[in-house]
Every structure is written in structure tokens, then in C-alpha cells.
Amino acid sequence: MSLISAHLVRCLGLLLNRLHRWLYVIKPDEMHIWSILFRHRPSIAGGNEDNCITYHKSVSHASDLLKENNYVMNVTESQVVIAECHEDVYDVSKYTFFCNAIFDEAVCLRTVKIDDFLAYVESIPYPNVDVLFLWSTGRCGSTMLAACFEALEDCVSLSEALDMFVPWKLRKKVCPEVYRMLLESTSKYHLYQILLKKPKTTLVLIKPPSYSFWYATESLSAARFHHAFMYRDLEDYYVSAAIFAKVIGNARRNSLMAKLINFESFVDISVNCLIHVASGYSTEIGKKLEKILSLEDKLTDIFTGIGTPILYYIYSQLLCHDKFNIVAVRYEDVRRDTSSIFKKLLQHIDKSVTKKELQRVLESTKKDSQENTSISSFNKAKYADPFVKKRINIAFKVLSAVGMEFMSKKGAKLPNTLTS
């Protein structure tokens, strides 16, 4: 199905969901159940209830959200959308991204008032499991590294659980207390559901989308977790990131396409959130970044050229916090000596690996995590040269603004990068 057809399905889904909310008002302690007639999502992107055509089936009690096989798909200012899935949605051999797994495997959708969701999640004990967040620039092998953790006994890899990072869009629509509770509850609920499904789990690897790094600075629970930030040489990153010129296009701010894809909303969740964090560290740097952003009007220029180098700056600031346990992992080092870097990453979280597990880790690095997607068939040569030169120039302006020009050089390493 073409991108235009997918957009039409989403428009219809949005219209029907508005009608549903008017016809079927969720009362306190109610959970509404929706059967799925049709669904469609882009091949490499996550979908939510707006990508589905549904009809109202029945009503149950809100406490059912604490039962097994329920996974949060989306959060709005008024309700939480939950996908009921009976298949193993944590199977990375079948689904690289968790958001795709719950969308494709959902047997029905459930909706519950946001206040009820927060109350029931708050009522359960915090899950007793170690957590490692694997942040990244994207296009740097982070999906490969996340899959490596599946080779460990009693470990679950959770890649792209998008609902955890929705609260940023809601921060101006809900009260500060609800916003704070959402930041805590989404991660807690995921860990709770993992232990229901896989009770022997002792370690959970969570790989968020690259632009969600703001979460590490906002969530109160972030300090209790371990963190790693993965990146690669900047020029090589832009060669790989040329895929975005095809996948998300290069629409201009005031174009018709920009309106169709909700350009400003995408910029808000991918770049404005990062500038907001940077401004918290330095008002002067924040103003410089806002000026650079105002001079660019193409989507991929903004997303990769501006967003990515800001991630370096946020990492460097988190490194200064005594309570924030974070290291950096460089793609080139992982490819050169996977065994050594993986062992050191496990040491960072006080874990070890057996010879058998390590062999499975090395085997997993030979697989293409995005095989048979539009990314795997992408012809980089068609886009790479003009794409790389433009983004390198933008990135250098950003790196200069944050005092990290050295990161534009070949072989540059961030402080506290694991080495073999």
C-alpha cells in the first residue's frame, strides 16, 4: 500500500476515533474494548489507534489493564490506548521494533481514562529488574546492539516502545502532576508486563528512538536506571542517515506536504524537545540553537543536521551528574571488537556473560535487523553525496554553538566512551 493510501487510512481512523469518543464516553473505572476491522502502518514506522478502523465491542473494568498480554500503544490527554496481544511481542527475531509488534499482533484495542491508568499503575510495586537504556543518534548500529542482549539468559530487549515518550507532546495539555506521573508510569507498566509474561527476567534493555533523549533528563526514575549512548563518526552517520531523505522526505515548512505530515509537530518532538533540554543547561546555548533552527526549513535538515549533534551535548551534560550512570559506545569500536565492548558494557551494569551467551551475541551481529524493509533496499549512492555535505555544514554550526567542534573530526570520541 502506498504512503498516500496509508495517509488516507490514518485520516479515516482519526475521524472515526473522534466519533467514537463522542458516542462512547469512558466513565471512571471503565475500560472500553474495540475490535479491529482493518489496520495499516508504514513499513518501518510504528502505528497507533489512528492507523486502525475499529468498532466498539464491549466494556470491562479498568483494573483489567493489570492483566497479562496488555501493552500500551498510545497515550492522549484523556485516555490510554492498550493493545491486547497473545503472541510473544518481545520476539526480536520476528519484530525488530516493539511498537510494530503490538500493532500487528493486537487482537483488540482497549481504552481507559488516563486517571484510572495512573492510579492502577501506581498501586503496584515497582518491578524488581535491572534496566539499561540504550540511547543513540540513530543509524549507528543501536538496533543491532539491542538485539545482542537477547542472547543473554533472562534478558528482554524492548526497542522503540513509543508510548513511553508520548508525554512530551502532552506536557502543555495536562497538568504538571499528571505529566510527571506519566513519565514514571509508562516505563513502570512496561516492566510490570514483561515480568508477567517472562517472570525470570532480570535485565531489560530499552532502546528508545534517538530524539527521545529528553526523557533521560525529565523522568525521575531515570536515575535508578543504567544508561548508554551509542554514536558513530559523524560523516559516516550522515551517509547512513541519507535514508531519511527518502523515508520522511525533505518537505519545506510552508509546503502542502508539510501540512499533510504535520511538519511542526514532528519538529517539536524531534528537535524542539532537545533544544528545550539544552536551554536548561545554558540559556545562551539554547538561544544559539533556536537561531540555527529558525534558518532551516527542510525537514531532514532539521531532524538530522540539528537534532543529532545536540544529542552529543546532552550526553556530555548528563555525564556531569553524579547520580546519572551513563557511558558512551562507539559503533566503529563495536564492529572492530564486539566481544570486548559488549563485556565492558555489561560490566557497566554489573553483569557478566558466559562463553555460550557471547557466541550467540556474535552470531546476532551478522543479521540485518532491517532486512526486507525500505531501508535495506535503499540506494545510498543516489542520495548520500548531496545529503552528507549539507548536513555536515549544519551539524558543524550546532557543534560550534555547544562547544563540541571536535566531534566533527574522523575518529572523534565522546568522553567516557568504552574502549577495547
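Predicted model: local features only at pLDDT ≥ 70, side-chain atom pairs only at ≥ 80, totals over all residues.
Reader: Over how many bridges do β7 and strand β8 pair in the parallel sense?
Author: Residues are numbered from 1 along each chain as its sequence is written, and side-chain values use heavy atoms, leaving out hydrogens and water. Helices (H or I, at least four residues) and strands (E, at least two) are DSSP runs numbered from the N terminus, and two strands pair if DSSP finds at least two bridges between them. For β7 and β8 (residues 203–207), the number of bridges is five.

Reader: Which are the edge strands of the open sheet?
Author: The sheet has five strands, paired parallel in the order β7-β8-β6-β9-β10. An edge strand pairs on one side only, and that picks out β7 (155–159) and β10 (325–330).

Reader: At about what angle does helix α6 run to β7?
Author: Helix α6 (residues 176–197) lies across β6, β7 and β8. Axes here are lines fitted to C-alpha atoms, for helices over the stretch in contact (heavy atoms within 4.5 Å), and angles run from 0 to 180 degrees between N-to-C directions. For α6 and β7 that gives about 135°.

Reader: Is strand β5 largely enclosed or largely open?
Author: Buried means under 20% relative accessible area, exposed over 50%, and partly exposed in between (1.4 Å probe, protein chains only). Six of its eight residues are buried, so β5 is largely enclosed.

Reader: How many residues apart in sequence are the parts that E153 and R360 tie together?
Author: Their side chains meet in a salt bridge (a side-chain nitrogen of Lys or Arg within 4 Å of a carboxyl oxygen of Asp or Glu), at 3.3 Å. E153 is exposed at 51%, while R360 is partly exposed at 30%. E153 sits in the loop between α4 and β7 and R360 in helix α16, so the parts tied together are 207 residues apart.

Reader: Which helix holds both K288 and E284?
Author: These two form a salt bridge with the closest N and O atoms 3.7 Å apart. K288 is partly exposed at 37%, and E284 is exposed at 54%. They're four residues apart, about one turn, in helix α12.

Reader: Which element has the lowest mean pLDDT?
Author: The chain's mean is 90, with 92% of residues at 70 or more. Helix α3 has the highest mean, 98, while the lowest, 64, belongs to helix α9.

Notes. pLDDT = per-residue confidence, 0-100.
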